[in-house]
Structure formats: structure tokens, C-alpha cells
Amino acid sequence: MKNIFLTLLSLLCYQMNAQEKLDLSYYLPQDVSYDQNISTPEEVLGYVPGEWHVSHDLLASYMRILANESPRISLENRGTTYEGRPLILMTITSEANHQNLEKIREEHLSLTRENSDNLDTGEMPIVVYQGFSIHGNEPSGSNAALLAAYYLAAAQGPGIDDLLSNTVILFDPSFNPDGLQRFASWVNTNKSENLVSDPQDREYAETWPGGRTNHYWFDMNRDWLPAQLPESNARIETFHKWHPNILTDHHEMGSNSSFFFQPGIPSRTHPLTPQMNQDLTREIGTYHAAALDEIGSFYYTEEDYDDFYYGKGSTFPDINGSIGILFEQGSSRGHVQETDNGLLTFPFTVRNQFTTALSTLEAANNMRQKILNFQREFYDNARDSAGKGGYVFGSSKDANKAYHLAEILKKQQIEIHQITEDFETDGKEFTKGTAYIVPKNQRQHRLVEAMFEKRITFEDSLFYDISAWSFPLAFNLDFDENVNMRYAGEKVETLQKPAVTAPVQSDYAYLMEWNDYYTPKILNKVLEKGLRARVAMQPITGANKTYDYGTIMIPVQNQELDAAELHEFLSEIATDANVSIEAANTGLTKGITLGSNQLRAVKPQKVAMIVGDGITPYDAGEIWHLFDQRYEMQLVKLDTRNFSRADLSSYTDIILPNSWGNALGKQETDKLKDWVRSGGTLIGYKNAARWFDNNDFMDIEFIENEVKPENVTFEDARDFRGAQGIGGAIFNAKLDRSHPVNFGYKNDELALFRDTTIFIKADSVSYNNPIQYTEEPLLSGYISNPNLELIANTVPFKKAGMGRGNVILFTDNTNFRAFWFGTNKLLMNAIFFGDEM
């Protein structure tokens, strides 16, 4: 009853007076004194945290000032975001620890290594990584970081001295600088002097794509495992440099919610996570509960979220011998908003985040030896459970893709080896220079297992995120999980990109097989240069080699460059992209000759993508990133707000990413139809299937899940409906490799990532089904039995003609989170070879 009274008092006394002047006493513990030589946030920012949303530039400036003023703090810049903002990290501990920091780090890392039993954890500091606001429009975390950093720098007394003596704090005040800056600009620009709490006010309705994401509209809290973004790379490097014992991840959720801290729903914890991890998380939670009780804030735990996908900030530590802790604060989404719980003010949300940041440190200090011992035991048990032999992955036709998976493994401190010789196992060929072996007996054994596993049985049928992410499948690489280590060469210490030999000069033609990941980059540069190129619709057999479907032929004669200039240009771009281009000195080849009509001209492409209201930012951002960062291709972003006024005549292709509702009205739809009929290629993803069918772009026969609930209670109704969705699983499809959409794939099957229940019946004409799910397609992940029956033999790809143009549909995301390298080629094939489909 006392706690309920305090909570109501808090709501009435502060939230009802949202316009009253703030001061630091609202946040800071008052039972300690503060060093007057340390600048307060207000002295630097010009306001008390919570009165305005801090921009990243001011946040970083304040952290630099604290580092200059306090001997407890050092600051490093670990790189920049795509928009050039610094990725700063503060190390906060006692002055004595700072003098001995490298030795502390090395001793701490020794807990993860063999023969660590002689280390006395009773004398070792605990390491805590505190991170804030990985979603930019969940800003209470980064704003609380201002207060937490000040407290740790300025607080005086035996309590703080004891804490800092026993703790090394890795303090990351903004996981997402670009998103935080974007959101702060929005809410501050729309703030009224007399605060408006109506949820319909413009302040609470940020424009597309919103501040949640980074520059390329990625949800960075899904990138801890694949590590494809610069912000993630900085975090992962810090994590493995220190192996922190606790990592905190401060988020926000719906405005009508209270405050959540982990553990999540127990049945949704990944089986590879030790039970002790959850037990310790639960014990740490008692400190959060006590701290929130003291200030009268409501909270809940173990009723939401999960610890399944290891690519999230609160789950990634769990497979690395650490403890990840998710905090979710009901969001004000601005400065003050009306909610079911009364007025929710921004300062109130900041205070809860600040309070749990301190309760985490209190728990870490009090549970220090227990948590340090857990880390040591985690790695001891991992070594004991490691099997013999190793995993092997690679592609004899695509060294670059294999290299990029090896690159991820190296980032995650996983031991890998080159292979010593070519060999074959289970019908798969692995060639030296294009394949790697990962030994099972290594320190990171559990992480390797988590990244490579295929799992199709689960305790629960609901997932907060995806249920499958097997990296060899994501990269479409040949893979075997039980290879003899006699094929393993020296351990790879420094990973080198695949080396290619520049082509010898030809006076006739050059040939480039289409298998390598970066061939689209090469082809685009060739076409941008004004050079002619052709694509082979059938294999070409030369004197010593057969070139597969999709091989690109670049003739020497009648080009913009003479023979020597062409050779120099092709050598330069081939070396830059690590792609093999070979000289051909005769057109008299077997299969088809180089002058055959089965070598079709490839035209330069000018591609646009529809973005804006109604379009899923994640899906659009993945495509933008693919073009801009991987293939160095220009992509014009056409906003739905201005689409009716846009001149489409110069575009060869327009991409419609996944969307909700009607992103385009009737006028814009008719305009798009006219453009297609005039020769354009429209490429749609996922929900575009319904839109194509409803607006007569394509006739589609959908197969619907009509399962009815039986013996399902009202309480379980939501779970029943949720179990019929596909949150993210991997399915096997068979390929017709002669079809242009599949050019560049050397195998007859392909793993596809799917997070939709859009099932399309196969065409009665077999060659119209170049990609088709198999009879038993599930490779990894959860799918309900009714949906598993429905998906069998359906098609995730469909193509239709419209006038002189083409309409192409992918029901699945071929560009998922920038790490699904294995299906990126499908989109590039649709763009370059759409007219040949």
C-alpha cells in the first residue's frame, strides 16, 4: 500500500505540474555531496535535463567537459557514424584503477581463458557496459546519461568511492547519434512554451522515417551479431576488448506502459543461454525494484520481451558469458503527453532511466564476485562441451561472400583457419582461398554454435524478433558442420580480402562470370563508363573453362575506349572489387559463340525507389544501403508526398519496398501503370503483392490460412493469433538456374528469409516458377503446422508483363538487415536482366 501511495503522489505532485521549473534535486540522490569543480549539465547545456531533448552534439560536448574535469573519466572516440558524428566511449572508475587500467583489463579477460582458476575474483573489479538510446526516438536513456555521468564524476563519499574502486564502467551515452539528433531536432522544433500534452499534437507525430533508426534507416538493436554498421562495429570492438560482465540497454515503449526490466518471458529464452544467466538477471532485478519503489514508480518484469535472438543488445551478452539487461520506459514521445496513467512527462521518464542506471551499478558492486565467477564458469563449461572437428564454409565461385562471413566471425573474436587443400565432403567442394574452417574446440564455441545452428523445435511459438539467423544459410555458402581438422591450415590472424589477378590484355573480348557477390558493382561501372556489355543466356564453354548462365561479355571493338584503355579500366575495377575478369581471344566457343544472339545487350540502369509515408523504413533503408554502400550505385529516392509531381520518364526501374495501407493513391497508381506500360520495370516486395493484385498490375492467386481456433480461451487468443505469423524463419527453394532471376547461383537450391504469410500458388506453366519452395521447405525457425503445409510448393517470385514493361514481385525480403548476402543478387538480376525474364 505504501508503494502505491508513493506512486500516486509522484504522478500528482510532479506530472500534474509539468510546467514547473526543474532542478537537479528531482533526479540526484541527496544523501551525498557533489564536487563543485565538476560542471553540472545545466551549466553546459543551458537547461536542466528534461526541459529540452538533448542533441547529440551537446551531449558529446558535455561528456568531453566531464572527461577534462574529472580524473575518474577518460574518453575515446571510436570512429564516426555515416553522418560523421563521433562514437564516443567514456571509461569511468577510480583514479587508482585508471593508473592500472590495462592490467585490470588483461586480468579480467583472463577469466574467459583457460587456466583461470588461480585468479582471485574477490580482488577484481567488475566491468559494466552502460549503453543508452539505441533507438534515437527513445531519448530518455541518453538524456539520463547526462545525469548518470555527472553523478559518477561529481558524487562524493565512501559509497561512490567503494563503487568506483570495485567497478570499471564503460559508458556509451548514445548508441545511435544520428537518430538521436534527428529526433531531438523534431521534438524541440515542435515544443510549445506552454507545453501541449494532447497526443494528436504535431510534436508527437514525427515525420517519416522517424528518429528510431540510423542514417540508412536500420534498427541497430538487431545488428549486434551481424555487425554490419559502423556504430555496431565500435560497440562490438569495445565489448570484446573488455568482455563486460553486465551490459545495459535503455529503451522506451508505448506511452501507456510503465517500466520494464528483465528477465523477459522465461519460455522464450534461447536454449543456449545458461540458467544461471537468468537467475543472476532476476537477482539484479531486485535492485531495480527497490530503487523504483523508493521513488514510487510502477514497473513489471518477466511478462514481456524475450531473450531469444542474440543480435539484440540485451541478448548478445548472454551468449558471451555476460548478462544483458533490457530497460523499457513508457515513452512521452516529446515533453509531456496524456496517457492512460495520467500526464507522462519527459523528466519522469529520464528519472526512471537514471534510477535504474544507478541500481545496476549497485547490484554489480554487491554481486561482484558472484558475477565474475559466473563468467569464468561460462567459458569453462563452453570448453568442456565443445566437440571435436570443425565447421567449414565457402564458395568455389564466390570468394568475396565467404570473406565477408569470415569478417563477421573475426569481429566476434571467433577463431578461423584457411584450408590447406581442396577437398570434397557430402557432395560439396571446398577450394583453397575460398573456404574457411572454424574449430569447435575454442573459447567462443557457444557463440559459433549460436551463429551456425539450425533449429526447428521450440518451447514457445511466439518471438519478439526472428526465430532463425543461421549465417551459412544467410550467405548462401556451402557448409558442413563436421569436418576433420586435418584440412585446417594456420589460424587466420589478419584476414585478407580475396586477391584476383588482373586480366591479360585482349583485342577481342572479356568474360566475367556472374557468380561473385560484387559482379553487379563491376557491371554498373562498365555501363556508367558508356561501354557495351552483353549477358549470356546460356553457358559458354571455352578451351579450359565453362562460363555459367549470366556471364557478362565485354567486347573490345567499337567501344568508347581503345583496347589498351579498356584493359586498364577493367583491370582497375576488377582489382578494386576483387572480381575475376578474363580475356577471350576467340569467339569460337562451344555451347554458344560470342557473336550469338543468346548474348543479349545489357542497358545502363537508372533506378528509383519509392519512400515516405506508407513505406516500411527498414526495408527501404536496406535497399538504399545495398546500392550505396555495397554496389556504389545511385538510387533516387522518390517521396510518396511528391510522387504525383515526379517525372518518371528517365527511370528504367522503380522499386516499391514493403508498405502498409495505400502508400500511393489512385492518381499515383495510374501514373505508375502508364510508366510500366511505356517500358519501365516495377519491382515490388512483400505487401506489394496485395497492392499489385488489387490494382491490376498482376494477377495473383493467394493461398490463405483459414485455421480456426479450437479450445482456445480468451486469455490465450492473442497467443494463438501470434503463433500463426512468421516472425522470421528460413526456407528452402529450388531454382531454375537458366532463368535470369537466378543468374549467378551455382547451386540448384537457395535459402530464403521470410517474415510474411503471403503464400502464392505456383503457375501451371513450370518455367514461370523459377524460384519455388520445396515440398518440405523449413530449414530453420518457427512456423505453425498449418502455415508449413501452405507454404510447400508456393512461389516467392512472380513476373508479369504490362505493355512494354515488367512487373516483378518478391514476397520475401532479399536484403534483410544487410547480412543476408545470399539473396542480394536476386534484386540485382531483376534490375539488370528484367527485360530478359
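User: In which loop is Glu 632 found?

Analyst: Helices (H or I, at least four residues) and strands (E, at least two) are DSSP runs, numbered from the N terminus. Glu 632 is found in the loop between helix H18 (617–630) and E27. This is a predicted model: local features need pLDDT of at least 70, side-chain atom pairs count only at pLDDT 80 or more, and totals for chains, interfaces and linings use all residues. Residues are numbered from 1 along each chain as its sequence is written, and side-chain values use heavy atoms, with hydrogens and water left out.

User: Which residues is Val 636 in contact with, apart from its neighbours in sequence?

Analyst: Contact means heavy atoms within 4.5 Å. Leaving aside neighbours within four places in sequence, Val 636 is in contact with Lys 606, Val 607, Ala 608, Met 609 and Tyr 651. Val 636 lies in strand E27 (residues 635–639). Val 607 is 29 residues from Val 636 in sequence, yet their C-alpha atoms are 6.4 Å apart.

User: At what angle do helix H5 and helix H9 cross?

Analyst: Axes are lines fitted to C-alpha atoms, for helices over the stretch in contact, and angles run from 0 to 180 degrees between N-to-C directions. Angles under 35 degrees count as roughly parallel, over 145 as roughly antiparallel, 65 to 115 as roughly perpendicular and the rest as oblique. The axes of H5 (residues 101–110) and H9 (residues 230–242) come within 8 Å and cross at roughly 80 degrees. H5 and H9 are therefore roughly perpendicular to each other. On the H5 side the contact involves Leu 101, Ile 104, Arg 105, His 108 and Leu 109, and on the H9 side His 240, Lys 241 and Trp 242.

User: How do helix H3 and helix H8 pack?

Analyst: H3 (residues 56–69) and H8 (residues 177–189) pack at about 120 degrees, with axes 8 Å apart. That makes H3 and H8 oblique to each other. His 56, Asp 57 and Leu 59 of H3 meet Pro 177, Leu 180 and Gln 181 of H8.

User: How many residues of helix H14 are buried?

Analyst: In H14 (residues 445–452), 7 of the 8 residues are buried, so the helix is largely enclosed by the rest of the structure. Among the elements covering those buried residues are H12, helix H13 (399–411) and strand E17 (478–483).

User: Where are the cis peptide bonds at Pro 209 and Pro 263?

Analyst: One joins Trp 208 and Pro 209, with omega about 0 degrees, and Pro 209 is in the loop between H8 and H9. The other runs from Gln 262 to Pro 263, with omega near 20 degrees. Pro 263 is in the loop between strand E8 (259–261) and helix H10 (275–295).

User: How many helices and strands does the chain have?

Analyst: The chain has 23 helices and 36 strands. Of its 837 residues, 62% count as buried.

Methods
Buried means under 20% relative accessible area, exposed over 50%, partly exposed in between (1.4 Å probe, protein chains only).
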